[in-house]
Amino acid sequence: QVPLVESGGGLVQAGGSLRLSCAASGISGFNYYAVGWFRQAPGQEHDFVIASNWIHDPYYAASVKGRFAITRDTAKSTVYLQMNSLKAEDTAVYFCAATIRFDYSGNSYYNRSWYEYWGQGTQVTVSS
């Protein structure tokens, strides 16, 4: 059983929008977990995109601040990544990840090793 399942990826023109979903399955108390989104472009490492522990303001990569947002529906155990004003350089496989651990400083949420659960990813392609 895959604990996190991403969906909503696809092909979109530059300037367009997409909303990705990350649905949790089998993670008890998921609404207490911090959730992050990472992305991996071809030949690149996983890059941090955005995260939230639902207590403090979200943490953003500089490249997406003002364009991307993270929200959730606790009733559905689902977290969303709203992506607006998409650019060709946003093209990547997007992964969601979850952790029960809390870091008051927020620095750990930028690090992929901080997360216990991962999804399998969804492809986002932005055409220029």
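A salt bridge joins the side chains of Arg101 and Glu116, with an N to O distance of 3.7 Å. The term requires a side-chain nitrogen of Lys or Arg within 4 Å of a carboxyl oxygen of Asp or Glu. Both residues lie in the loop between S9 and S10, so the pair ties together parts that are 15 residues apart in sequence. Strands (E, at least two residues) are DSSP runs, numbered from the N terminus. Arg101 is partly exposed, at 37% relative accessibility. Glu116 is also partly exposed, with a relative accessible area of 37%. Here buried means under 20% relative accessible area, exposed over 50%, and partly exposed in between (1.4 Å probe, protein chains only).

The model is predicted: local features need pLDDT of at least 70, side-chain atom pairs count only at pLDDT 80 or more, and totals for chains, interfaces and linings use all residues. Residues are numbered from 1 along each chain as its sequence is written, and side-chain values use heavy atoms, with hydrogens and water left out.

The salt-bridge count comes to three. Asp90 pairs with Arg39, the closest N and O atoms being 2.9 Å apart. Asp90 lies in the loop between strand S8 (78–83) and S9, and Arg39 in strand S4, so this pair ties together parts 51 residues apart in sequence. Arg67 also forms a salt bridge with Asp90, at 2.7 Å between the closest N and O atoms. Arg67 sits in the loop between strand S6 (59–60) and strand S7 (68–73), so its pair with Asp90 ties together parts 23 residues apart in sequence. Arg39 is buried. Arg67 is buried at 10% relative accessibility, and Asp90 is buried at 1%.

Aromatic pairs number 11. Rings of Phe, Tyr and Trp (its six-membered ring) pair if their centres lie within 6.5 Å; planes under 30 degrees apart count as stacked, over 60 as edge-to-face and the rest as tilted. Phe38 and Trp118 form a tilted pair, 5.2 Å centre to centre, with 50° between the planes. Phe38 lies in strand S4 (residues 34–40) and Trp118 in strand S10, so the pair ties together parts 80 residues apart in sequence. The rings of Tyr115 and Trp118 have centres 6.1 Å apart and planes at 70°, so this pair is edge-to-face. Phe38 is buried, at 1% relative accessibility. Tyr115 is buried at 6%. One aromatic cluster is formed by Phe38, Phe48, Tyr59, Tyr109, Tyr110, Trp114, Tyr115 and Trp118.

Charges also sit over rings (NZ of Lys or CZ of Arg within 6 Å of the ring centre and within 35 degrees of the ring normal). The charged end of Arg112 sits over the ring of Trp118, 4.9 Å from its centre. The charged end of Arg19 sits over the ring of Tyr80, at 4.0 Å from the centre.

One disulfide is counted, defined as a pair of cysteine sulfur atoms within 2.5 Å. The sulfur atoms of Cys22 and Cys96 are 2.1 Å apart. The torsion about their S-S bond is about 70°, so the disulfide is right-handed. Cys22 lies in strand S3 (residues 18–24) and Cys96 in strand S9, 74 residues apart. Both cysteines are buried.

Terms used: Helices (H or I, at least four residues) and strands (E, at least two) are DSSP runs, numbered from the N terminus.
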